[in-house]
Amino acid sequence: MKSCPEKVTLIGAGLTGPLLAILLRQRGFAVELYERRPDMRRVRTSAGRSINLALSTRGIHALQQAGLWERMRSIIVPMKGRMMHSIAGELTFQPYGKDETEVINSISRGELNVALMNAAEEQSVAIHFNQRCMGYDLKTGAVRFRDENTSRVVNRDTGVVIGCDGSASAIRTEMLKLNRFNFSQQYLDYGYKELTIPAGANGKHLLETNALHIWPRGNHMLIALPNIDGTFACILFLPFEGAASFASVSTRSNVVRFFEDRFPDALRLMPELADNYFTNPTGAMVTIKCSPWHLEGGSLLLGDAAHAIVPFFGQGLNCGLEDCTCLVELLDRHGADWPRVFAEFEKERKVNTDAIADMAIENFTEMRDRVADARFLFRKKVELALEAKYPQLFVPKYAMVTFHRIPYSVALTRGAVQDRMLAQLCEAIDRVEDLDWDLAEKLIRCDLTSLELRP
Ligand SMILES: Cc1cc2nc3c(=O)[nH]c(=O)nc-3n(C[C@H](O)[C@H](O)[C@H](O)COP(=O)(O)OP(=O)(O)OC[C@H]3O[C@@H](n4cnc5c(N)ncnc54)[C@H](O)[C@@H]3O)c2cc1C
């Protein structure tokens with residue numbers, strides 16, 4: 001047990017760090033937050049400002065627990081479904097959920113980060129900026145920080161340390177030096193680039209506002225998420241190498257030609273495409289799995305530091321925020337018995353974060369390829385019909401992950417069973433009216449148990 005169990009030091013004031021700080025403060029812990037970047041509210045940084053994230057039920061639940069959801073409502077844009085754009089410019093809309101209550105919410109990473117940091121400071125959490133964690137003494141628990149302005153390095157006695165420092169976590173790097181620490185990182189052969197569709201006259205959105213727009217093109221795709229100021233934050237996903245790739249699309253004229261070819265309707269809305277393309281860096285996407293996440297009661301990894309995933313299920317943030325609620329629920333149950341809380345946290349979460357990591361990779365193929373396929377869209381309709389008739393039994397995998405707090409591992413397992421059922425039910429039909437309801441009833445009653453659906 002740590003000598004000062006009531007003091008908690010969080011490394012990283014990204015998205016999970018400030019939320020966890022608030023939840024811990026609300027439980028009486030003394031919390032210090034250290035962040036390597038300057039304060040984005042005072043210094044203009046490019047740190048993920050323009051990327052938008054899809055916030056859904058798990059993340060919203062965590063924000064509600066901290067009393068923050070109502071204030072986020074002014075900075076979100078609800079997205080009711082996917083709007084697919086064909087090369088010819090035809091639009092197909094596919095709702096995400098069974099009705100208009102099941103939406104995902106577009107939120108700017110920068111705005112969310114600022115709102116969370118403001119809320120943390122209101123709860124008397126001190127955030128120390130420009131403090132890069134350089135290492136962690138696994139024996140004494142002291143953390144080494146370098147001041148990014150002065151380069152001065154100091155050791156701080158930190159109490160319990162929680163690494164919320166993202167996919168390149170310094171705390172995890174320290175744990176890697178331990179005997180029998182398991183670690184894997186798997187990069188996709190794809191990168192991503194942020195682009196923008198500016199607002200139209202009077203700040204109006206130039207595409208349907210309440211949708212996530214997708215231009216699925218087989219091995220590459222473009223997506224666009226609405227912002228509250230009328231702009232769209234776009235992300236282009238391309239292989240790093242090959243015919244249509246970041247390596248081949250490498251000059252201004254290439255970029256414009258590529259968009260003329262693949263995304264002509266988007267190109268018309270992107271006057272600064274080539275500037276954006278060459279100004280913004282190309283990001284990489286990685287899945288990280290590791291264990292153990294904790295070192296007795298001294299330190300813990302949380303969020304991307306413990307389990308970075310690729311972005312195609314829109315769950316990295318939601319999962320990280322769910323980590324925070326899970327951790328404080330365990331603290332509420334066991335008090336500051338950190339060794340026990342950390343051990344139970346990893347036991348409860350890892351099976352689930354491994355599951356969402358796998359589903360996120362699976363969903364990449366779905367988004368870039370299958371959403372444009374008529375059979376896929378038909379199956380989605382059948383799923384919704386089955387859910388309407390059997391709401392406690394048949395919940396589509398996307399809904400289990402996005403609109404419920406059903407454990408990810410359950411969503412993965414049931415999703416596989418349901419996929420087999422759907423294949424059988426849809427095999428010989430192409431109209432929902434022709435569904436064999438007797439067979440559906442038999443399969444569902446035989447293979448699925450009733451779900452506990454928590455709001
Ligand atoms: C392109 C893209 C799209 C995404 N879309 C979605 C989405 O739609 N929905 C969703 O739920 N998730 C999405 N995600 C995932 C989401 O962004 C992450 O899961 C989330 O940001 C993780 O939060 P975190 O607090 O663990 O890490 P981060 O938000 O990365 O925060 C880590 C913080 O730690 C700081 N830090 C790092 N190292 C140090 C150090 N040594 N010392 C001090 N501070 C340090 C960093 O500066 C940063 O502020 C997306 C990710 C990407 C890349």
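Which loop does Ser124 lie in? Keep that in mind as you start. The model on your screen is predicted.

**Stop 1: two serines**

Select Ser124. Ser124 lies in the loop between α4 (109-122) and β8 (126-128). Its phi is near 65 degrees, a positive value in a residue other than glycine. Most residues other than glycine have a negative phi. Ser124 is also exposed, with a relative accessible area of 55%.

Now jump to Ser151. Look in the loop between β10 (142-147) and β11 (153-157). Phi of Ser151 is near 65 degrees, again a positive value in a residue that is not glycine.

**Stop 2: a cis peptide bond**

Select Ser291 and Pro292 together. The peptide bond that joins them is cis, with omega at about 0 degrees. Most peptide bonds are trans. Where does Pro292 lie? Pro292 is in the loop between β17 and β18 (294-295).

**Stop 3: the domains**

Colour the chain by domain. The assignment gives domain 1 as 7-76 + 109-184 + 286-363. Domain 2 covers 186-284, and domain 3 covers 373-447. Domain 1 is written as three stretches of the chain, so select each one in turn. Next, find the centres of domain 2 and domain 3, taken over C-alpha atoms. They are separated by 33 Å.

**Stop 4: salt bridges**

How many salt bridges does a search of the whole structure find? The search finds 26. Here are some to visit.

Begin with Asp39 and Arg42. They form a salt bridge, and the closest N and O atoms are 2.2 Å apart. Asp39 counts as buried, at 8% relative accessibility. Arg42 is exposed, with a relative accessible area of 65%.

Asp39, Arg41, Arg42 and Glu121 are linked in a network of salt bridges.

Move on to Glu174 and Lys177. Their side chains meet in a salt bridge, at 2.6 Å from N to O. Lys177 counts as exposed, at 60%.

Then select Lys350 and Asp354. Their side chains meet in a salt bridge too, at 3.0 Å from N to O. Show the cartoon of helix α11 (residues 338-368). Lys350 and Asp354 are four residues apart in this helix, so about one helical turn separates them. Lys350 counts as buried, at 17% relative accessibility. Asp354 counts as partly exposed, at 22%.

**Stop 5: the cavity**

Rolling a probe the size of a water molecule over the atoms shows where empty space is left. The structure holds one cavity of 30 Å³ or more. About 30 Å³ of space lies in the largest cavity.

Which residues line the largest cavity? Select Ile288, Lys289, Cys290, Trp293, Ala306, His307, Lys350, Thr353, Asp354 and Ala357. The elements that give two or more residues to this lining are β17 (282-291), α9 (304-307) and α11. The largest share, four residues, comes from α11. The salt-bridge partners Lys350 and Asp354 are among the lining residues.

Colour the lining by class.

**Stop 6: the cysteines**

A disulfide is a covalent bond between the sulfur atoms of two cysteines. How many disulfides does the structure hold? It holds zero.

To see why, select Cys133 and Cys164. Cys133 is buried, with a relative accessible area of 9%.

Finish with Cys324. Its closest cysteine sulfur is again in Cys164, at 6.5 Å. That is also too far for a bond, because a disulfide needs the two sulfur atoms within 2.5 Å. Cys324 is buried, with a relative accessible area of 0%.

Note on methods
Residues are numbered from 1 along each chain as its sequence is written. This is a predicted model: local features need pLDDT of at least 70, side-chain atom pairs count only at pLDDT 80 or more; totals for chains, interfaces and linings use all residues. Side-chain values use heavy atoms; hydrogens and water are left out. A salt bridge is a side-chain nitrogen of Lys or Arg within 4 Å of a carboxyl oxygen of Asp or Glu. Buried means under 20% relative accessible area, exposed over 50%, partly exposed in between (1.4 Å probe, protein chains only). On a 1 Å grid over the protein atoms alone, a cavity is a set of points where a 1.4 Å probe fits but cannot get out, and a pocket is an open set with protein on both sides within 12 Å along at least five of seven lines; lining residues have an atom within 4 Å of a point. Grid points are joined across faces, edges and corners, and a volume is the space filled by probe spheres set on the points.
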